[in-house]
Amino acid sequence: MASSAIAYAEPSAELIEAAKKEGMLTTIALPHDWCGYGAVIDGFKKKYPEITVNELNPDAGSADEVEAIKANKDNKGPQAPDVVDVGLAFGPQMKAEGLLQPYKVSTWDEIPAEVKDADGFWYGDYYGVMSLLVNKDLVANTPKDWSDLLKPEYAGQVALAGDPRASNQAILGVLAAGLASGAKAGKDAGEAGLKYFGELNKAGNFVPVIGKSGTLAQGATPIVVMWDYNALAAKDTLAGNPPVEVVVPASGVLAGVYVQGISAFAPHPNAAKLWMEYLYSDEGQTAWLAGYCHPARFNAMSKAGKIPQALLDKLPPAASYEKAYFPTLEEVDANKAAVTGAWDSVVGANVQ
């Protein structure tokens, strides 16, 4: 039987029972407007009302998630995360540090091989592309590409959606800008991206504030570099006040994959496994797509005709994604080392 034809198997009665007995699932770094996570969490609660979802620090970055597991190794209390959702580069790092335990969900075969650990320690959950969220009340001419942002008209307007020394989203924003300059993905693009942000900062166009829909609406950060799914969710949330535009840049179209993993020290390991089963079920994957994220099983589900057309119609034009570059793990790692290591010395802007 071809793997694409595998039907989703419900989690075993034993797993469901064991998870209910634990009665709690502790998540971390899941903002409700990121990838439709609000609806995802609600769906899980509705399906398993006996399990309380304890949500830690929704605005944490990937590095904070790693630290939270390390800091709570011996703690079985509510501060210890059961599961993580981190940038691709953090999966292998956490596996190497012994922070994850392996688990393969029922739909394992439909997760593309290049975005999962063969032994099940981490596995891709969804991807998006780097985009620009633009406040149209304050920005007369919508920038179409990275090079546009250096123009004097964008003085004091451009921000990243995180601290590039710790946030996966911001680190990859720097990589995307580097790719747009023609640099090769990895160390080269990381360095080129730093040079670009150094110029942006020198020109007075870069704002050292973590950009989100609130800072965009207030005018503190009229242009924010962020994942397309976060930008599209912000557009929905702002509902025309202010009017915004979401732009996938003409060059340096970078695709970023996030990965799931279960803490090696999870206080509720069965609830964690049940959560993974839910996330990788048709229902969980569709909920992520409703939050504008392309889920890991997107191609298999698309082939099987499982994706509602209305959802596909709400995404930016497919053509914007055709040029998307999926960096390898080695490239992501090399870029991360370049950006986190030299942001202070090359750009020198303390983003907070």
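This is a predicted model: local features need pLDDT of at least 70, side-chain atom pairs count only at pLDDT 80 or more; totals for chains, interfaces and linings use all residues.
Local features need pLDDT of at least 70 and side-chain atom pairs count only at pLDDT 80 or more, while totals for chains, interfaces and linings use all residues. Residues are numbered from 1 along each chain as its sequence is written, and side-chain values use heavy atoms, with hydrogens and water left out.

**Exercise 1.** State how many salt bridges the rule gives.

Solution. Step one is the rule: a side-chain nitrogen of Lys or Arg lies within 4 Å of a carboxyl oxygen of Asp or Glu. Step two is the count, which comes to 14 salt bridges.

**Exercise 2.** Classify K195 and E199 by accessibility.

Solution. First, the classes: buried is under 20% relative accessible area, exposed is over 50%, and partly exposed is in between (1.4 Å probe, protein chains only). K195 has 54% and so counts as exposed. E199 has 35% and so is partly exposed. The two form a salt bridge with closest N and O atoms 3.5 Å apart, and both lie in helix α6 (residues 187–202), four residues apart, about one turn of the helix.

Definitions and conventions
Helices (H or I, at least four residues) and strands (E, at least two) are DSSP runs, numbered from the N terminus.
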